[in-house]
Amino acid sequence: LPAGAAVLARGLAPAVLAGLAAIARRRRLVLVVAGNGRLALRHGAGLHLPDRRTGTELLPFLLARRRRPLLLTLAAHGRPGLARARRLGADAVLLSPVFPTASHPGAPALGPLRWAALARRGGRRAMVALGGVGPANAGRLPRWTAGFAAIDGLGHPPGA
């Protein structure tokens with residue numbers, strides 16, 4: 001990954017997370033910890049909140065964020081998630097799923113037009129496309145899309 005890219009750590013064992021934090025610092029990557037504000041603070045990381053749950057230890061993270069810049073990202077799958085991102089002052093929103101995805105088989109995809117319409121409701125926050133995005137369809141998203149996120153899209157291609 002290039003320097004400045006974000007890595008979202010979710011459900012990692014403490015030793016693995018500590019190792020990932022060290023790698024992220026060395027490679028100048030942005031580490032974001034999912035769901036636990038104190039854990040994010042302990043590792044000097046940002047915090048990512050899922051769409052339908054609050055996460056844990058959110059208040060300490062939000063208080064620390066008043067004193068220093070800490071990245072806050074949220075997942076959103078529709079208008080309620082975007083409204084929550086506005087209320088919490090999120091820096092970025094991972095809006096998904098844009099396209100059908102192997103990680104959530106059968107989940108209805110937004111499609112590029114609905115994704116763009118929802119993303120415009122996000123206000124000034126960075127809107128990141130997640131879900132089935134790859135080289136063949138990334139160009140179908142608006143140029144103002146802040147970035148792309150992947151769950152398994154960065155792995156080895158089938159048969160490799």
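Predicted model: local features only at pLDDT ≥ 70, side-chain atom pairs only at ≥ 80, totals over all residues.
In the UniProt record, an unreviewed entry, the feature "domain: Thiamine phosphate synthase/TenI" is placed at residues 19–148.

Helix α3, spanning residues 58–67, has Leu58, Pro60, Phe61, Ala64 and Arg65 as its buried residues. Viewed down the axis of α3, these buried residues fall within an arc of 165°, so they line one face of the helix. Leu59, Arg66 and Arg67, by contrast, are exposed on the other side of α3. The partners against which the buried residues of α3 pack are α2 (37–42), β3 (46–49), β4 (72–76) and α4.

Arg65, one of the buried residues of α3, also takes part in one of the two salt bridges that the structure holds. Its partner is Asp91, with the closest N and O atoms 2.4 Å apart; this pair links distant parts of the chain, since Asp91 lies in the loop between α4 and β5 and Arg65 in helix α3, 26 residues apart. With a relative accessibility of 18%, Arg65 counts as buried, whereas Asp91, with a relative accessible area of 33%, is partly exposed. In another salt bridge, the side chains of Arg38 and Glu57 meet at 2.8 Å, N to O. Arg38 belongs to helix α2 and Glu57 to the loop between β3 and α3, so the pair ties together parts that are 19 residues apart in sequence. Arg38 counts as partly exposed at 44% relative accessibility, and Glu57 is likewise partly exposed, with a relative accessible area of 35%.

In helix α5, which covers residues 111–120, the buried residues are Gly111, Pro112, Trp115, Ala116, Leu118 and Ala119. Seen down the axis of α5, they fall within an arc of 165°, so they line one face of the helix, while Leu113 and Arg120 are exposed on the other side. The buried residues of α5 pack against α4 (79–88), β5 (92–95) and β6 (126–130).

The structure holds one aromatic pair. The ring centres of Trp115 and Trp144 are 6.0 Å apart and the ring planes stand at 25°, so the pair is stacked. Distant parts of the chain are linked by this pair, with Trp115 in helix α5 and Trp144 in the loop between β6 and β7 (147–149), 29 residues apart. Trp115 counts as buried at 0% relative accessibility, whereas Trp144, at 35% relative accessibility, counts as partly exposed.

Notes: Residues numbered from 1 in each chain as written. Heavy atoms only, no water. Buried < 20%, exposed > 50% of the residue type's maximum accessible area, 1.4 Å probe, protein only. Helix = DSSP H or I, 4+ residues; strand = E, 2+ residues; numbered from the N terminus. Arc of directions from axis to C-beta. Contact = heavy atoms within 4.5 Å. Phe/Tyr/Trp six-rings, centres within 6.5 Å; stacked < 30°, edge-to-face > 60°. UniProt positions renumbered as here; feature names shortened; annotations may be inferred. Salt bridge = Lys/Arg side-chain N within 4 Å of Asp/Glu carboxyl O.
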